[in-house]
Amino acid sequence: MNTDASDTERHVQFTRHFAEAERAMKAFAFSLVPHQADADDVIQETLKALWQHFDDYDPERPFLPWANRFVYRQVQMHRRSQATRGKYFLNEETIEKLAAEGPASPEHTQAMERALEKCLQNVGSRQRQIIERRYASQSTLQDLAKETGSSPNALYKMLQRVREALHQCICQRMTKEGFTV
């Protein structure tokens with residue numbers, strides 16, 4: 001067999017594996033970092049690292065566990081680079097525990113996303129708007145407090161109540177679908 005054809009086939013297989021695993025890798029990254037933008041950065045850096053280690057990949061072994069080791073390393077490097085900005089609320093020990101548990105299955109992740117979407121429909125429009133501003137745009141609590149005319153403490157308590165309600169709702173929906181939480 002032609003070596004160039006063999007290499008091309010390995011590249012195609014590698015790319016296909018990455019495409020199939022990308023969603024689960026993002027979910028794993030997002031479980032370890034506080035913001036979606038951070039998870040996206042981690043995945044970008046992971047992709048570069050994966051390509052740099054292309055020759056180390058054994059196509060006979062599952063791709064996702066191999067790739068998630070790179071995700072975890074990139075999370076650690078990203079966390080260290082961001083630590084001086086005070087962005088992270090999880091300490092290294094907690095991140096290690098979360099990483100040891102590993103990512104959820106794609107089915108579990110999809111069910112959780114569906115549950116979150118449904119549960120968010122039960123949140124009042126003002127609370128939902130604040131949640132979206134806080135987590136999607138990465139606005140600080142102080143910025144949101146100024147914008148909404150609330151005190152940071154009142155806003156914090158409101159977000160805490162909404163997060164708890166979302167957590168309970170998601171757990172109930174996941175249980176109904178037969179998933180453990």
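Cysteine 169 is buried, at a relative accessible area of 15%; buried means under 20% relative accessible area, exposed over 50%, and partly exposed in between, with a 1.4 Å probe and protein chains only. A word on the source: this is a predicted model, where local features need pLDDT of at least 70 and side-chain atom pairs count only at pLDDT 80 or more, while totals for chains, interfaces and linings use all residues. Residues are numbered from 1 along each chain as its sequence is written, and side-chain values use heavy atoms, with hydrogens and water left out.

Which cysteine is the partner of cysteine 169 in a disulfide? The partner is cysteine 119, and the two sulfur atoms are 2.0 Å apart; a disulfide here is a pair of cysteine sulfur atoms within 2.5 Å. The link is left-handed, with -85 degrees about the S-S bond. Cysteine 119 belongs to helix 5 (residues 106-120) and cysteine 169 to helix 8 (residues 152-176), so the pair ties together parts 50 residues apart in sequence. Helices are DSSP runs of H or I, at least four residues, numbered from the N terminus.

Cysteine 119 is also buried, at 1% relative accessibility. Cysteine 171 is in no disulfide: the nearest cysteine sulfur, belonging to cysteine 119, is 9.1 Å away. Cysteine 171 is buried too, with a relative accessible area of 19%.

Now helix 7, residues 141-148. Its buried residues are Leu141, Leu144 and Ala145. Viewed down the axis of helix 7, they fall within an arc of 105 degrees, so they line one face of the helix; the arc is taken from the directions from the helix axis to the C-beta atoms. After helix 7 comes glycine 149, with a positive phi near 75 degrees.

Methods
Helices (H or I, at least four residues) and strands (E, at least two) are DSSP runs, numbered from the N terminus.
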